[in-house]
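Dear colleague,

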Amino acid sequence: MANHEQGSESTVSVRTMEIVVAAVLMIIAVVVMVDSIRVGIGWAYDGPESGYFPFYVGVALFLASAGTLLVNLFGRSADLGAFVGRSQLKLVLKVLVPTIVFVALIGFTGIYVAAALFIAFFMHWLGKYPLMKIVPVAILVPLALFLMFEIWFLVPLPKGPLETMLGY
(Lines give C-alpha, C1' and ligand atoms only; values in the text may rest on other atoms or scores of the structure.)
Protein backbone atom coordinates (compact mmCIF):
# COMPACT_ATOMS: atom_id res chain seq x y z
CA MET A 1 0.00 0.00 0.00
CA ALA A 2 2.85 2.40 0.80
CA ASN A 3 4.36 1.82 -2.65
CA HIS A 4 1.07 2.75 -4.29
CA GLU A 5 0.89 5.99 -2.33
CA GLN A 6 4.52 6.77 -3.13
CA GLY A 7 3.83 6.02 -6.80
CA SER A 8 1.31 8.86 -6.92
CA GLU A 9 4.09 11.39 -6.31
CA SER A 10 6.57 9.68 -8.62
CA THR A 11 8.57 11.65 -11.10
CA VAL A 12 9.97 8.97 -13.41
CA SER A 13 9.99 5.17 -13.63
CA VAL A 14 12.92 2.88 -12.90
CA ARG A 15 12.67 1.59 -16.48
CA THR A 16 13.07 5.11 -17.90
CA MET A 17 16.09 5.82 -15.72
CA GLU A 18 17.72 2.53 -16.69
CA ILE A 19 17.22 3.36 -20.38
CA VAL A 20 18.72 6.83 -19.96
CA VAL A 21 21.71 5.61 -17.91
CA ALA A 22 22.37 2.73 -20.33
CA ALA A 23 22.31 5.13 -23.30
CA VAL A 24 24.66 7.59 -21.57
CA LEU A 25 27.06 4.79 -20.64
CA MET A 26 27.01 3.52 -24.22
CA ILE A 27 28.00 7.00 -25.43
CA ILE A 28 30.81 7.15 -22.86
CA ALA A 29 31.96 3.69 -23.94
CA VAL A 30 32.07 4.78 -27.60
CA VAL A 31 34.13 7.85 -26.65
CA VAL A 32 36.57 5.63 -24.72
CA MET A 33 36.85 3.16 -27.59
CA VAL A 34 37.36 5.85 -30.25
CA ASP A 35 40.02 7.61 -28.20
CA SER A 36 41.70 4.29 -27.43
CA ILE A 37 41.90 3.54 -31.15
CA ARG A 38 43.45 6.99 -31.64
CA VAL A 39 46.30 6.22 -29.19
CA GLY A 40 46.65 2.59 -30.27
CA ILE A 41 44.93 -0.61 -29.22
CA GLY A 42 47.42 -3.04 -30.71
CA TRP A 43 50.36 -4.89 -29.33
CA ALA A 44 53.71 -3.14 -29.63
CA TYR A 45 57.18 -4.72 -29.40
CA ASP A 46 57.28 -3.91 -25.67
CA GLY A 47 53.68 -4.86 -24.80
CA PRO A 48 50.20 -3.46 -25.21
CA GLU A 49 49.77 0.05 -26.55
CA SER A 50 48.28 2.65 -24.25
CA GLY A 51 44.74 2.25 -25.57
CA TYR A 52 44.67 -1.55 -25.41
CA PHE A 53 43.09 -2.02 -21.97
CA PRO A 54 40.81 1.05 -22.05
CA PHE A 55 39.47 -0.11 -25.42
CA TYR A 56 38.40 -3.48 -24.05
CA VAL A 57 36.95 -1.88 -20.92
CA GLY A 58 34.95 0.36 -23.27
CA VAL A 59 33.78 -2.71 -25.23
CA ALA A 60 32.66 -4.42 -22.00
CA LEU A 61 30.88 -1.26 -20.83
CA PHE A 62 29.17 -0.88 -24.20
CA LEU A 63 27.98 -4.49 -24.28
CA ALA A 64 26.72 -4.45 -20.69
CA SER A 65 24.91 -1.15 -21.27
CA ALA A 66 23.45 -2.38 -24.57
CA GLY A 67 22.13 -5.45 -22.73
CA THR A 68 20.51 -3.26 -20.09
CA LEU A 69 19.03 -1.02 -22.78
CA LEU A 70 17.60 -3.93 -24.77
CA VAL A 71 16.11 -5.61 -21.70
CA ASN A 72 14.39 -2.38 -20.69
CA LEU A 73 13.18 -1.59 -24.20
CA PHE A 74 11.93 -5.03 -25.16
CA GLY A 75 11.83 -7.15 -22.00
CA ARG A 76 8.58 -8.07 -20.34
CA SER A 77 9.93 -7.77 -16.80
CA ALA A 78 10.99 -4.12 -16.93
CA ASP A 79 10.53 -2.30 -13.62
CA LEU A 80 7.78 0.28 -14.13
CA GLY A 81 7.80 1.32 -10.47
CA ALA A 82 8.72 4.80 -9.35
CA PHE A 83 12.42 5.63 -9.48
CA VAL A 84 12.13 8.46 -7.02
CA GLY A 85 9.35 10.39 -5.33
CA ARG A 86 9.06 14.17 -5.44
CA SER A 87 10.01 14.57 -1.77
CA GLN A 88 13.09 12.36 -2.24
CA LEU A 89 14.06 14.27 -5.39
CA LYS A 90 13.84 17.56 -3.49
CA LEU A 91 16.30 16.22 -0.90
CA VAL A 92 18.72 15.14 -3.60
CA LEU A 93 18.45 18.48 -5.38
CA LYS A 94 19.16 20.32 -2.12
CA VAL A 95 22.63 18.79 -2.28
CA LEU A 96 23.10 18.41 -6.03
CA VAL A 97 22.38 22.00 -7.11
CA PRO A 98 24.79 23.64 -4.61
CA THR A 99 27.42 21.04 -5.52
CA ILE A 100 27.09 21.92 -9.21
CA VAL A 101 27.45 25.61 -8.30
CA PHE A 102 30.54 24.73 -6.22
CA VAL A 103 32.16 22.91 -9.14
CA ALA A 104 31.35 25.79 -11.49
CA LEU A 105 32.82 28.32 -9.03
CA ILE A 106 36.15 26.47 -8.94
CA GLY A 107 36.95 27.75 -12.43
CA PHE A 108 36.45 31.36 -11.37
CA THR A 109 37.53 31.49 -7.73
CA GLY A 110 39.79 28.46 -7.34
CA ILE A 111 39.04 25.43 -5.23
CA TYR A 112 39.88 26.97 -1.86
CA VAL A 113 37.59 30.01 -2.08
CA ALA A 114 34.84 27.87 -3.65
CA ALA A 115 35.23 25.35 -0.81
CA ALA A 116 34.97 28.11 1.81
CA LEU A 117 31.76 29.41 0.21
CA PHE A 118 30.36 25.88 -0.15
CA ILE A 119 31.05 24.99 3.49
CA ALA A 120 29.63 28.29 4.75
CA PHE A 121 26.52 27.92 2.60
CA PHE A 122 25.77 24.38 3.79
CA MET A 123 26.48 25.15 7.42
CA HIS A 124 24.07 28.10 7.27
CA TRP A 125 21.36 26.69 5.01
CA LEU A 126 21.07 23.06 6.09
CA GLY A 127 22.89 23.05 9.43
CA LYS A 128 21.46 26.34 10.73
CA TYR A 129 24.75 26.99 12.54
CA PRO A 130 25.48 30.43 13.96
CA LEU A 131 27.95 32.71 12.18
CA MET A 132 30.44 32.27 15.04
CA LYS A 133 30.82 28.59 14.06
CA ILE A 134 30.48 29.00 10.29
CA VAL A 135 33.28 31.52 9.75
CA PRO A 136 36.12 29.59 11.47
CA VAL A 137 35.18 26.29 9.84
CA ALA A 138 34.71 27.83 6.39
CA ILE A 139 38.15 29.44 6.63
CA LEU A 140 40.14 26.77 8.48
CA VAL A 141 39.10 23.73 6.42
CA PRO A 142 40.18 25.20 3.03
CA LEU A 143 43.30 26.61 4.70
CA ALA A 144 44.18 23.15 6.04
CA LEU A 145 43.58 21.68 2.57
CA PHE A 146 45.80 24.38 1.04
CA LEU A 147 48.62 23.58 3.47
CA MET A 148 48.26 19.85 2.94
CA PHE A 149 48.09 19.84 -0.87
CA GLU A 150 50.06 22.91 -1.94
CA ILE A 151 52.75 23.07 0.74
CA TRP A 152 53.27 19.57 2.13
CA PHE A 153 52.39 17.29 -0.81
CA LEU A 154 53.29 19.83 -3.53
CA VAL A 155 50.11 18.97 -5.43
CA PRO A 156 48.74 22.06 -7.15
CA LEU A 157 44.99 22.41 -7.18
CA PRO A 158 42.97 24.97 -9.17
CA LYS A 159 43.62 28.45 -7.85
CA GLY A 160 41.86 31.73 -8.43
CA PRO A 161 42.51 35.45 -8.03
CA LEU A 162 42.98 35.31 -4.24
CA GLU A 163 45.83 32.80 -4.42
CA THR A 164 47.39 34.75 -7.30
CA MET A 165 47.22 37.91 -5.20
CA LEU A 166 48.94 36.05 -2.35
CA GLY A 167 51.70 34.79 -4.66
CA TYR A 168 50.59 31.21 -5.27
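At roughly what angle do the axes of H2 and H3 cross? The axes come within 8 Å and cross at roughly 155°, where axes are lines fitted to C-alpha atoms, for helices over the stretch in contact, and angles run from 0 to 180 degrees between N-to-C directions. H2 and H3 are therefore roughly antiparallel (over 145 degrees).

The model is predicted: local features need pLDDT of at least 70 and side-chain atom pairs pLDDT 80 or more, while totals for chains, interfaces and linings use all residues. Residues are numbered from 1 along each chain as its sequence is written, and side-chain values use heavy atoms, without hydrogens and water.

Helices are DSSP runs (H or I, at least four residues), numbered from the N terminus.

The largest nonpolar core consists of Ile 19, Ala 22, Met 26, Ala 66 and Leu 69. Such a core is a set of buried (under 20% relative accessible area, 1.4 Å probe, protein chains only) Ala, Val, Leu, Ile, Met, Phe, Trp, Tyr and Cys residues joined through side-chain atoms within 4.5 Å. H2 gives the largest share of this core, three residues. Leaving aside neighbours within four places in sequence, Ile 19 is in contact with Leu 69, Asn 72 and Leu 73.

Helix H4 (residues 86-109) and helix H5 (residues 111-125) have axes that come within 8 Å and cross at roughly 155°. H4 is thus roughly antiparallel to H5.

Methods
Buried means under 20% relative accessible area, exposed over 50%, partly exposed in between (1.4 Å probe, protein chains only). Helices (H or I, at least four residues) and strands (E, at least two) are DSSP runs, numbered from the N terminus. Contact means heavy atoms within 4.5 Å. Angles under 35 degrees count as roughly parallel, over 145 as roughly antiparallel, 65 to 115 as roughly perpendicular and the rest as oblique.
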